[in-house]
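Trainee: Please take a close look at the ligand site, and then at the ring contacts elsewhere in the chain. I would like one connected account.

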Amino acid sequence: MKVIRWLLGRLILLGNFVFSPRGIKRTAEQQQQIDEKAAKLALYQFEACPFCVKVRRAMKRQSVNIELRDAKSNAQHRQELETGGGKVKVPCLRIEDQQGVQWLYESSDIVTYLEKEFA
Ligand SMILES: N[C@@H](CCC(=O)N[C@@H](CS)C(=O)NCC(=O)O)C(=O)O
């Protein structure tokens with residue numbers, strides 16, 4: 001079972017690599033603004049999780065550079081996710097703003113958030 005899951009993960013990563021989406025092009029100033037905004041975000045994820053791949057593809061389409069935090073093999077990131085978000089489920093987007101810190105779960109909700117904020 002573990003081997004099948006591992007193989008499926010590699011297939012997903014390969015498909016993602018081969019059919020990688022194109023990012024939107026911005027001027028250097030526009031991209032800098034986006035990068036500054038994105039610096040307040042962090043994506044807790046597993047590399048080969050299909051839902052995480054879906055979010056990373058949305059980031060690529062929007063040309064948004066969000067710090068990726070591995071919640072599978074990095075014990076500190078896993079702990080942060082569990083303590084801050086309440087559960088170890090990925091993907092989860094950590095959003096820091098004037099109101100404080102929000103933890104957004106569910107890949108579809110994260111993609112909608114990215115499209116709203118960065119499209
Ligand atoms: N409906 C969720 C599914 C996320 C999901 O099932 N993630 C898996 C990894 S692929 C996970 O975190 N599993 C750990 C758990 O559920 O405890 C989404 O679209 O984000």
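Mentor: For sorting residues by class, Ala, Val, Leu, Ile, Met, Phe, Trp, Tyr, Cys and Pro count as nonpolar, Asp, Glu, Lys and Arg as charged, and the others, Gly among them, as polar. On that basis the shell around the ligand has five nonpolar, one polar and two charged residues. Bear in mind that this is a predicted model.

The residues that surround the ligand are Cys49, Phe51, Val88, Lys89, Val90, Pro91, Glu106 and Ser107.

At Val88, a polar backbone atom is 3.4 Å from an oxygen atom of the ligand. At Val90, a backbone N or O atom lies 2.8 Å from a ligand nitrogen atom. Glu106 contributes through its side chain, with a polar atom 2.8 Å from a nitrogen atom of the ligand. The ligand taken alone exposes 510 Å², and the protein buries 64% of that.

Now the ring contacts. The structure holds one aromatic pair. Its members are Tyr44 and Trp103, with ring centres 5.4 Å apart and planes at 45 degrees to each other.

Two lysines sit over aromatic rings. The charged end of Lys37 is placed over the ring of Phe118, 5.1 Å from the ring centre. Lys87 lies over the face of Tyr105, 4.7 Å from the centre of that ring.

Phe118 counts as buried because its relative accessibility is 3%, and the cut-off for buried is under 20%. Phe118 and Met59 are 59 residues apart along the chain, and their C-alpha atoms are separated by 9.1 Å.

Terms used: Residues numbered from 1 in each chain as written. Predicted model: local features only at pLDDT ≥ 70, side-chain atom pairs only at ≥ 80, totals over all residues. Heavy atoms only, no water. Phe/Tyr/Trp six-rings, centres within 6.5 Å; stacked < 30°, edge-to-face > 60°. Lys NZ or Arg CZ within 6 Å of the ring centre and 35° of its normal. Near = heavy atom within 4 Å. Polar contact = N/O pair within 3.5 Å; in protein donor to acceptor, adjacent residues only side chain to side chain. Areas by Shrake-Rupley, 256 points an atom, 1.4 Å probe, with all protein chains shown as cover. Buried < 20%, exposed > 50% of the residue type's maximum accessible area, 1.4 Å probe, protein only.
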